[in-house]
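Take a walk through this model, one region at a time. Keep the sequence at hand.

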Amino acid sequence: MKGAAAAGGMMILPSWSIGKEIGPNSKLNVALIGVGGIGSQAIAALKDKKEVNIVALCDVDDAHSAKNYALFPNVPRFRDYRVMLDKMDKQIDAVVVSTPDHMHYAISSWAIAKGKHVFCQKPLTRTIWEAEELKRLANEAGVITQMGNQGHTNEGWRIIKEWYDAGLLGQIEDIYIWTNRPIWPQGELKVPAGKPVPATLDYKLWLGVAPYQPYSPEVVPFKWRGLRNYGTGAAGDMACHFLDVPYSAFDLGYPMKIEANSTPFNDYSWPTAASSVMTFMNKRGVDNRIRLHWYDGGRKPKEIKRVDPSEYATDPKNPWKNANATYIVGTKETVYTNEYGVGTKIVPVAHMKELAKAGKLPGKTIPRSVSPGNAFYEWALCCLEGKQSLSNFNYAAPFTEMALLGMIAILFPERELTYVPSKMQFAGCPEADKYVHSLYAYNKEFLPSKGLF
């Protein structure tokens, strides 16, 4: 494999780059890496778009991808992304990465080294260091990037920012976010007994950069999310949706401190339930501080200002009712939105109707997405127009890092941590610094060298 073995030299960029005008009849040639599972989202979002050609498909599991493969009988298929990017280099402009978290950095960095534009599912990476490195590589290569937090294309954060800017909300006191995730196994799990690897799966390619563990259907293809070698648990999985609204609406940045706790867990998996409080130095907050309260695994706050407890109570007969929510408490009003920035409203709703009737709800001042709910298409159009998407890696990397801080904080329960992003270190807690990186050495054959030909 020529490209996989090449080292050093100049990084080869696409035949067109940022800023170059694309003709009205041009199309973006996209390769999909990860076709089964969440890869279905990319297929649904792009397959009928006249500006996009899906030119290659790649997945390590033929059986898991069979249904989606059948939609493209004449499109080349691969198991190994490295082989695909070698053989079809000149035919691919951009890639979509829809794989388990532990391979996001490896595959995205390989594609960037080949000069491809990259859409990578959330969370952007499994570790803070990976996020920073991926941002650096993308900037050096000049490629167009986007993370798959589709809520960023929706109205939610825009409406809330407009309400705040108009003085409707007052100063922000607290943000409460909760999710019913994990809906997969987490906690004090043990490594399952090995099973024979199906003939339809290339398990070595699935493991990729991760250390060897015997194959088990208890992990592949879905239940890896709660396992520390592969996934980022409930917070990593969902925070890049939920947190996008307040992060964007209030320019939260990094928290000045974070404190967390959880149910018991071990070195193998993440906990079944956790919660954390992040405090942000922010001029939009009361006394220049905003507190963000995160709950997962079914945990919820005891009370929320101006909200009747019945509005977020758990319903035993309908476990999905009120199972996921965001409430933003200002000194004047309280706002609800869902995990994707949809259904945004001031509560109680009757009060919002009164505000609307009185003409106190401001108009739109922030540009809207050209494709609300479809981040893939937004990215594809940005690639063709030669401009960065709103959720590009310069945005997505620090945002992902903020979300991943909660995963580090639960390793030091009830201890207040202060993160120094410029150093990727924790002030006064050097023992936490190692968790910024991967705790295992990567299998380097799946990572690019300095440049690929």
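Contact here means heavy atoms within 4.5 Å. Angles run from 0 to 180 degrees between N-to-C directions. The model is a predicted one.

Leu-57 has Arg-77 of β3 as its bridge partner.

The peptide bond between Lys-122 and Pro-123 is cis, with omega about -15°.

Next comes a helix pair. Two packed helices are described by the angle between their axes and the distance between the axes. For α6 (residues 128-141) and α13 (residues 393-409), the angle is about 175° and the axes are 8 Å apart. Angles over 145 degrees count as roughly antiparallel, so α6 is roughly antiparallel to α13. On the α6 side, the contact residues are Ile-128, Ala-131, Glu-132, Leu-134, Lys-135, Ala-138 and Asn-139. They meet Phe-393, Asn-394, Ala-397, Glu-401, Leu-404, Leu-405 and Ile-408 of α13. By class, the residues of this contact are nine nonpolar, two polar and three charged.

Which residues touch the most other members of the largest nonpolar core? They are Trp-206 and Phe-250, in a core of 107 residues. Helix α13 gives the most to this core, with 12 residues. A second core is separate and has 25 residues, including Ala-45, Tyr-69, Val-75 and Phe-119. Back in the largest core, look around Trp-206. Leaving aside residues up to four places away in sequence, Trp-206 touches Val-60, Pro-100, His-102, Met-103, Leu-201, Val-219, Val-220, Trp-224 and Tyr-230.

Turn to strand β11, residues 325-330. Is β11 enclosed or open to the outside? Six of its six residues are buried, so the strand is largely enclosed by the rest of the structure. Both faces are covered. Ala-325, Tyr-327 and Val-329 are buried on one side, and Thr-326, Ile-328 and Gly-330 on the other.

Strand β11 has antiparallel pairings with two strands, described in turn. Six bridges link β11 to β7, residues 172-178, in the antiparallel sense. There, Ile-172 stands opposite Gly-330. Four bridges link β11 to β12, residues 334-337, again in the antiparallel sense. Val-329 has Thr-334 of β12 as its bridge partner. A hairpin of three residues joins β11 to β12.

Some backbone details remain. Pro-182 lies in the loop between β7 and α8 (203-207). The bond from Arg-181 to Pro-182 is cis, with omega near 10°.

Two residues other than glycine have positive phi. Asp-251 has phi of about 50° and sits in the loop between α10 (244-249) and β8 (257-262). Asn-322 has phi near 60° and is found in the loop between β10 (289-296) and β11. Buried means under 20% relative accessible area. Asn-322, at 18%, therefore counts as buried, whereas Asp-251, at 46%, counts as partly exposed.

Note on methods. Residues numbered from 1 in each chain as written. Predicted model: local features only at pLDDT ≥ 70, side-chain atom pairs only at ≥ 80, totals over all residues. Heavy atoms only, no water. Parallel < 35°, antiparallel > 145°, perpendicular 65-115°, else oblique. Nonpolar A, V, L, I, M, F, W, Y, C, P; charged D, E, K, R; others polar. Pairing = 2+ DSSP bridges. Core = buried A, V, L, I, M, F, W, Y, C linked by side-chain atoms within 4.5 Å. Buried < 20%, exposed > 50% of the residue type's maximum accessible area, 1.4 Å probe, protein only.
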